[in-house]
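Walk through this structure with me. We start at a strand and end in the core.

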Amino acid sequence: MTESTSTGPAAEAPAPGVGVLKSVVLDVPDLATEAGFWTALTGGAVKFTDHDWITVTTPDRWDVAFQLAPDHVPPQWPGQEHPQQAHIDLYVPDLAAASARAVELGATVLRENEQWITLSDLAGHPFDLCLKEESDGVTVMGPTFDCPDASELAAFWSGVLGAPVAYDADGVAMLGGDRPVLFQSVADYNPPRWPDPAHPQQVHLDVGVPDLDAGETAVLALGAARLPGEGSGFRVFADPAGHPFCLVL
């Protein structure tokens, strides 16, 4: 985990990206239970539901989705044998109250300090409650991805999403814009190897594009790798750190 309240030097805005961030997707063994937890925690509402998918929209208009993974292997933070891979940072105006509410909903406290508290949800996914006294309730700061080189991965995703690198120092990098994405360098990083069940993904991003063929060409040129899996409206890739992501229409 990393403190999510840092600021740093801003960079020049890049050229327009390949697509836009549509949703942060968590693999879960129980759709209704996990979606219910995040709906109650954030004050969000269910936007879409299917037999293997639920999307929850938060009051600040983030889409957090849940994908059914019956053989889900939960992360065991902070080790790298079954790593977290990514987590969601949330702003809260009162750490103690927000943590107590999360625990009441079924979360487990993993670590506490003065500026943020790390917990895990019902499927074992870690998340951070970060103090921001002016926050209007629970709001989403953004997802944070573990990786071997935060600067390198931020540059890749800056190209994909067309968002500037707003901070890059001390092993932490962040994309700016209205949907921040963060990256933290982790020693002995253990990447997912989707679709290998021995090295499962935990979290992925869905990136909306107007054209899948053009989107594929663009992300491959930036350094993505094509993975098995596609449908009429999506294709699966891995970023340079091995995190799967989908281009979706």
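Strands (E, at least two residues) and helices (H or I, at least four) are DSSP runs, numbered from the N terminus. Glu230 sits in one of them, strand S14. This is a predicted model: local features need pLDDT of at least 70, side-chain atom pairs count only at pLDDT 80 or more, and totals for chains, interfaces and linings use all residues. Residues are numbered from 1 along each chain as its sequence is written, and side-chain values use heavy atoms, leaving out hydrogens and water.

Glu230 is exposed, with a relative accessible area of 52%. Exposed means over 50%, buried under 20%, and partly exposed in between (1.4 Å probe, protein chains only). The side chain of Glu230 makes a polar contact of 3.1 Å with that of Arg226. Such a contact is a pair of N or O atoms within 3.5 Å; within protein, one must be able to donate a hydrogen and the other to accept it, and residues adjacent in sequence count only if both atoms are side-chain atoms. Val248 lies 18 residues from Glu230 along the chain, with 9.6 Å between their C-alpha atoms.

S14 (residues 225-231) pairs with S15 (residues 234-238) in the antiparallel sense, over 4 bridges. Pairing requires at least two DSSP bridges between the strands. The two form a hairpin with 2 residues between them.

Now the core. A nonpolar core is a set of buried Ala, Val, Leu, Ile, Met, Phe, Trp, Tyr and Cys residues joined through side-chain atoms within 4.5 Å. The largest has 57 residues; Trp38, Phe66 and Phe183 are among those with the most contacts inside it. Helix H3 (residues 150-161) supplies its largest share, 7 residues.
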